[in-house]
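User: Hi! I have a structure open here and would like to talk it through with you. Could you take a look with me?
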Amino acid sequence: MNALALPPDIDRRVLRDESMARHTSWRVGGPADLFFNPLDVADVVTFLRALEGATPVLWVGLGSNLLVRDGGVRGAVVETHGAFDALERIDDEHVRCGAGVACAKLAKQCIKWGLGPAEFFAGIPGTVGGALAMNAGAFGGETWRHVISVATIDREGVRRERPASQYRVAYRHVEGPPNEWFIEATLRFEKRAGVSSDDIRLLLARRKATQPIGEWSCGSVFTNPPGDHAARLIDTAGLKGHRIGGARVSEMHANFIVNDGTAKAADIERLIDYVRASVQRAHGVTLNPEVRIVGEAR
Ligand SMILES: Cc1cc2nc3c(=O)[nH]c(=O)nc-3n(C[C@H](O)[C@H](O)[C@H](O)COP(=O)(O)OP(=O)(O)OC[C@H]3O[C@@H](n4cnc5c(N)ncnc54)[C@H](O)[C@@H]3O)c2cc1C
């Protein structure tokens with residue numbers, strides 16, 4: 001696929017057939033036709049406007065909640081990490097944060113500013129854009145509890161400011177105006193004297209004790225059903241250690257599927273289906289994937 005009429009400066013930076021395995025924390029996924037990591041908003045606007053109207057566009061952050069199938073992504077992928085990286089305190093309690101900022105960086109900077117609670121962001125290995133799309137959360141904290149407004153951009157490159165009230169937000173679920181992506185958010189935290197980087201270290205240590213950190217995964221695969229934990233249901237269905245190809249249900253945390261280094265996306269997807277069917281059989285509960293599955297099967 002060709003990106004039409006791209007200025008040479010941008011054209012040079014558009015990757016063709018870029019392996020998405022390099023851009024996802026599961027380290028699997030086939031090639032994207034076009035892959036673009038913009039410098040800034042003006043850069044991505046030029047890129048979007050130059051694409052043929054029917055070209056599908058997928059935005060990704062750090063690919064930490066994304067299963068890209070082995071046939072890859074038709075159309076264009078825009079990667080925000082490294083772009084949209086502004087992070088500033090705009091007054092006592094408010095922070096303006098670009099969508100490409102890593103959640104861990106936001107957490108650390110809030111500690112320096114004496115703002116919180118933002119420590120929970122430290123263990124989420126994605127971008128703020130991904131956290132906005134997912135309503136990411138941990139240890140009782142949740143992204144959208146802090147959102148005052150967002151800036152978005154659409155397929156034509158039109159930028160809008162939208163108050164949080166224009167979004168329907170629930171546990172790992174965000175619904176807003178369609179066909180727009182996040183480029184920035186204004187977040188509100190409380191002034192909190194006495195929070196320190198020790199608080200972050202403590203949370204990260206708790207994670208390390210209970211999750212297979214360091215192995216290739218996408219974190220929790222399924223959302224927790226009301227009143228229960230997906231990990232408990234998967235564990236008691238006897239699925240810890242169950243393997244398909246190079247994909248395995250983690251023995252440490254049953255809601256994690258890890259890639260042993262040889263997995264194809266198809267192995268992971270088949271294991272997701274197998275776990276769902278087994279939990280349904282064993283407990284009569286339907287688990288819903290938290291991870292986003294995109295692209296074409298091979
Ligand atoms: C070890 C590990 C631990 C994890 N722990 C947690 C946890 O505690 N809590 C939790 O909530 N999640 C957790 N996750 C999952 C993941 O980190 C979060 O969902 C994170 O918010 C995803 O961010 P990302 O930038 O990687 O998004 P991606 O994976 O790149 O994308 C996820 C979705 O967001 C969309 N998206 C990305 N950027 C934008 C944008 N700018 N505008 C619009 N849509 C966009 C994508 O199209 C996709 O649908 C964990 C993952 C791993 C690997």
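User: Let's begin with Phe84. Is Phe84 buried or exposed?
Analyst: Phe84 counts as buried, because its relative accessibility is 8% and the cut-off for buried is under 20%. One thing to keep in mind throughout is that this is a predicted model.
User: Thanks! And where is Phe84 found?
Analyst: Phe84 is in the loop between E5 and E6. Its backbone deserves a look too: phi of Phe84 is near 45 degrees, which is a positive value in a residue other than glycine.
User: Which other non-glycine residue has a positive phi of about 50 degrees?
Analyst: That would be Arg172, with a positive phi of about 50 degrees. Arg172 lies in the loop between strand E13 (168-170) and strand E14 (173-175). At 18% relative accessibility, Arg172 counts as buried, since the cut-off is under 20%.
User: Back to the loop between E5 and E6. What about Thr80, buried or exposed?
Analyst: Thr80 lies in the loop between strand E5 (73-79) and E6. Thr80 is buried, with a relative accessible area of 5%.
User: What is Thr80 in contact with?
Analyst: Setting aside neighbours within four places in sequence, Thr80 is in contact with Asn37, Trp59, Val60, Gly61, Ala99, Gly100 and Thr127.
User: Ala99 is on that list. Where does Ala99 sit?
Analyst: Ala99 is in the loop between E7 and H3, and at 1% relative accessibility it counts as buried. Leaving out neighbours within four places in sequence, the contacts of Ala99 are Thr80, Phe84, Thr127, Val128, Gly129, Phe182, Ile183 and Glu184. That brings back both Thr80 and Phe84.
User: How far apart are Ala99 and His283 in space?
Analyst: From C-alpha to C-alpha, Ala99 and His283 are 39 Å apart, and in sequence they are 184 residues apart.
User: Let's move on to H3. Which residues of H3 are buried?
Analyst: In helix H3 (residues 103-113), the buried residues are Cys103, Leu106, Ala107, Cys110 and Ile111. They lie on the same side of H3, because they cover an arc of only 135 degrees around the axis.
User: What's on the face turned away from the buried side of H3?
Analyst: That face of H3 carries the exposed residues Lys108 and Lys112.
User: And what do the buried residues of H3 pack against?
Analyst: They pack against strand E6 (87-89), strand E7 (94-98), strand E8 (115-116), H4, E15 and helix H5 (197-210).
User: What comes just after H3?
Analyst: Gly114 does, and it takes a positive phi of about 75 degrees. Further along, a cis peptide bond joins Gly116 and Pro117, with omega about -5 degrees. Pro117 lies in the loop between E8 and H4.
User: Now the ligand. Which residues come nearest to the ligand?
Analyst: Of the 33 residues around the ligand, Trp59, Ser64, Thr127, Gly137 and Arg207 come nearest. By class, the shell has 16 nonpolar, 13 polar and four charged residues.
User: Which element gives the most to that shell?
Analyst: H4 gives the most, with five residues.
User: How much of the ligand's accessible area does the protein cover?
Analyst: The protein covers 92% of the 970 Å² that the ligand has on its own.
User: Last one: is Gly238 buried or exposed?
Analyst: Gly238 counts as exposed at 59% relative accessibility, because the cut-off for exposed is over 50%. Gly238 is in the loop between helix H6 (230-236) and strand E17 (243-244).

Technical notes. Residues are numbered from 1 along each chain as its sequence is written. This is a predicted model: local features need pLDDT of at least 70, side-chain atom pairs count only at pLDDT 80 or more; totals for chains, interfaces and linings use all residues. Side-chain values use heavy atoms; hydrogens and water are left out. A residue is near a molecule or strand if one of its heavy atoms lies within 4 Å of it. Accessible areas come from the Shrake-Rupley method with a 1.4 Å probe; for residues, only the protein chains shown count as cover. Helices (H or I, at least four residues) and strands (E, at least two) are DSSP runs, numbered from the N terminus. Ala, Val, Leu, Ile, Met, Phe, Trp, Tyr, Cys and Pro count as nonpolar, Asp, Glu, Lys and Arg as charged, and the others, Gly among them, as polar. Buried means under 20% relative accessible area, exposed over 50%, partly exposed in between (1.4 Å probe, protein chains only). The arc is that of the directions from the helix axis to the C-beta atoms. Contact means heavy atoms within 4.5 Å.
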